[in-house]
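Here are some notes to read alongside the model.

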Amino acid sequence: MKKTEKIVGLYDKYVMHTYKRVPLCLAKAKGAKVWDIDGKTYLDFFPGWAVSGIGHCHSRVVAAINKQAKLLLHVSNNYYSAPQALLAEAIIRNSFPGKVFFANSGAEANEAAVKLARKYGHDKGKYEIITMTKSFHGRTLAMITATGQDKVKIGFEPLPAGFIHVPFNDIEAVKEAVTDKTAAIMLEPIQCEGGINIASPEYMKALRALCDEKDIVLIFDEVQTGMGRAGKIFAYQNYDIEPDVMTLAKALGGGLPIGAAVAKGKFGDVLTPGTHASTFGGSPIVCAAGLAVFEAIKKDKLLQNTNSMGVYLKKKLEGLKKKYHFVKEIRTVALIIGVELSVKGEDIYKECLKEGLLINCTQETILRIMPPLNVTKAEIDKAISILDKVFSKV
Ligand SMILES: *Cc1c(COP(=O)(O)O)cnc(C)c1O
């Protein structure tokens, strides 16, 4: 605990207190395993807030970073570099014909998507963006406005104009909110921060039809759901539709900071020179890491593992639900897992940490579990035995 205390002390003095941190100082990680600075090991079933989607320090990602680091770290975007071109190609080949804008985070990817939609609708007087309650889209001023949760907005008013929220999975509410000023509808196919709320197939189809009919840009925020976690490369592929714009970040960079707005067909040509930019966006080192993530998912057959381990983990959790009355509902899509409790989850999350299991608790009562896509049965068994032990003390 000694070294941890020293680092915590430095944070207290020098780092802004923008996070509710637990006293755990991580020093090293590999796959689903992490070590704290004092040598204790943990099983990580929420690696880097879903950033380390294929596990911490994946060997393919580390090798790609090392190789690229010896060649070129960064170039300005008025020149070309191969990794950016190749990563854009990989994203498009795995989604729909279109073009990619690279940024450095999820919030920035969403900013690009919203700017694209505003520009597309501008000459027709369309600027309003409809988003969902309980959504999460990031922490920039526009994205806290887009986010359908009051808690992120308080104290920052006045907020930018033109954002409207409607309840999730309610097509009638969307139809009522649409006006001749509606530029875009933006949503997560699965609300993760919002508590693992899964869009229904009928809802998604109806949204697509509505946007087609009214010339509204349909934006999917796949910042957390993308890159295999939902059992397909992108969560929307579980539905029989495509968005006009999709945003990515988190797991795309294999641990390095990246964001991307992916626009289909004509939408790929809306943003033109001078309308949008990012100094760091799409740098060679980050894009090389992103390419390694695609390679790992394909060559290591991680989608198969995600689906089969998703089924296995769900079955094990259903077993716990039978045993413990306070487990209300288990909602899963492959390795996106929410365990809704009838009690507060914070103590459970903290007890799990003590027992050596890292998970997350969102919306106060929902445990969010997102193991890496290459998780093994043995790791799941271990996590379940820790959860069982912690639940037995509730
Ligand atoms: C994390 C997240 C964001 C914000 O991403 P940052 O990289 O933190 O800016 C946006 N949307 C969703 C769905 C997210 O999960």
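**Notes on the ligand site and a helix pair**

1. The model is predicted. Please keep that in mind when reading the distances and angles below.

2. Which residues are around the ligand? They are Ser105, Gly106, Ala107, Asn110, Phe136, His137, Gly138, Glu188, Asp221, Val223, Gln224 and Lys250. Sorted by class, three of this shell are nonpolar, six are polar and three are charged.

3. Helix 4, which spans residues 106-121, is the largest contributor to the shell, supplying three residues.

4. Oxygen atoms of the ligand take part in short polar pairings with the protein. For Gly106, a backbone N or O atom is 2.8 Å from a ligand oxygen. For Ala107, a polar backbone atom also lies 2.8 Å from an oxygen of the ligand. With Gln224 the side chain is involved: one of its N or O atoms is 2.7 Å from a ligand oxygen. On its own the ligand has 380 Å² of accessible area, and the protein covers 81% of this.

5. Next, the helix pair. Helix 3 (residues 82-93) packs with helix 8 (residues 284-299) at an angle of about 35 degrees. Their axes are 8 Å apart, and the crossing is left-handed.

6. Which residues make this contact? Helix 3 contributes Pro83, Gln84, Leu86, Leu87, Ala90 and Ile91. From helix 8 come Pro284, Cys287, Ala288, Gly290, Leu291 and Phe294. By class, ten residues of the contact are nonpolar and two are polar, with no charged residue.

Terms used: Residues are numbered from 1 along each chain as its sequence is written. This is a predicted model: local features need pLDDT of at least 70, side-chain atom pairs count only at pLDDT 80 or more; totals for chains, interfaces and linings use all residues. Side-chain values use heavy atoms; hydrogens and water are left out. A residue is near a molecule or strand if one of its heavy atoms lies within 4 Å of it. A polar contact is a pair of N or O atoms within 3.5 Å; within protein, one must be able to donate a hydrogen and the other to accept it, and residues adjacent in sequence count only if both atoms are side-chain atoms. Accessible areas come from the Shrake-Rupley method with a 1.4 Å probe; for residues, only the protein chains shown count as cover. Helices (H or I, at least four residues) and strands (E, at least two) are DSSP runs, numbered from the N terminus. Ala, Val, Leu, Ile, Met, Phe, Trp, Tyr, Cys and Pro count as nonpolar, Asp, Glu, Lys and Arg as charged, and the others, Gly among them, as polar. Axes are lines fitted to C-alpha atoms, for helices over the stretch in contact, and angles run from 0 to 180 degrees between N-to-C directions. A crossing is left-handed if the near helix is turned anticlockwise from the far one by less than a right angle, and right-handed if clockwise. Contact means heavy atoms within 4.5 Å.
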